[in-house]
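Dear colleague,

I am passing on the structure that we spoke about, and my notes follow below it. Please read them with the model open beside you.

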Amino acid sequence: MAPRSAEASRKTKETDISVSVHVDGSGKSDITTGVGFFDHMLDQLSRHSLIDMTVRARGDLHIDDHHTVEDTGIALGQALAKALGERRGIMRYASIDLAMDETLTRAAIDVSGRPFLVWNVSFSSPKIGTFDTELVREFFQALAQNAGITLHVTNHYGANNHHIAETCFKAVARALRAALERDPRQPDAVPSTKGSLKG
């Protein structure tokens, strides 16, 4: 089977980002974005999805973290879409309820070629340290749009904002891991009655 690996880059007046992914990896990550909390979350995404990721991002952090986080999501989504190609042989669907201490978050995924985000997550504070909590949604919006996945994320409950954000990344990671697994019963088939997952 062909390796499911790809690279993507994005360079604008606001950011300069390069990403590489290996879907059939072991969860190794090498990530530097200049945003410490975001690096931590991307490490979680890689580790629990088993997608090897290298991310290098330089952005206009003197303004804020928004462009760096969003554009990293764009590049990462584009790399995933390239790596998956026609999406042959994948399980396609997955969902998980993920617990972390007092917090419980659900992620459900359809690797459909049709980008859509449903986001039912709220934070009680606008910041986690210096990181804007609204950027968690911005990252997943960019990722879903550019990877061509339908993604639903719901935080059932939680008190600690760090835990809420982290369960979002971990739940999406575990759902991605399951949805992108190769289906041994139809390893060469596109899992759609349309015969295509191009959108």
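Does Asp 132 count as buried or exposed, and what is the relative accessibility behind that? Before I answer, please bear in mind that this is a predicted model, in which local features need pLDDT of at least 70 and side-chain atom pairs count only at pLDDT 80 or more, while totals for chains, interfaces and linings use all residues. Residues are numbered from 1 along each chain as its sequence is written, and side-chain values use heavy atoms, with hydrogens and water left out.

Asp 132 counts as buried because its relative accessibility is 17%, where buried means under 20% relative accessible area, exposed means over 50%, and partly exposed lies in between (1.4 Å probe, protein chains only). Its salt-bridge partner is Lys 127, with the closest N and O atoms 2.6 Å apart; a salt bridge here is a side-chain nitrogen of Lys or Arg within 4 Å of a carboxyl oxygen of Asp or Glu. Lys 127 itself is partly exposed, because its relative accessible area is 40%.

The structure holds eleven salt bridges. In one of them, Arg 92 and Asp 110 bring their closest N and O atoms to 2.6 Å, and this pair links distant parts of the chain, 18 residues apart, with Arg 92 in the loop between helix H2 (66–84) and strand S5 (93–100) and Asp 110 in strand S6. Helices (H or I, at least four residues) and strands (E, at least two) are DSSP runs, numbered from the N terminus. Both Arg 92 and Asp 110 are buried.

Strand S6 (residues 103–110) is also joined to strand S10 (residues 150–157) by seven bridges, the two running antiparallel, and Arg 106 stands opposite Thr 154 in S10. Strand S7 (residues 116–120) pairs with S10 in the parallel sense over five bridges, with Val 118 bridged to His 152; strands pair here if DSSP finds at least two bridges between them.

Leaving aside neighbours within four places in sequence, Leu 45 is in contact (heavy atoms within 4.5 Å) with residues including Leu 76, Phe 139 and Val 172.

Best wishes
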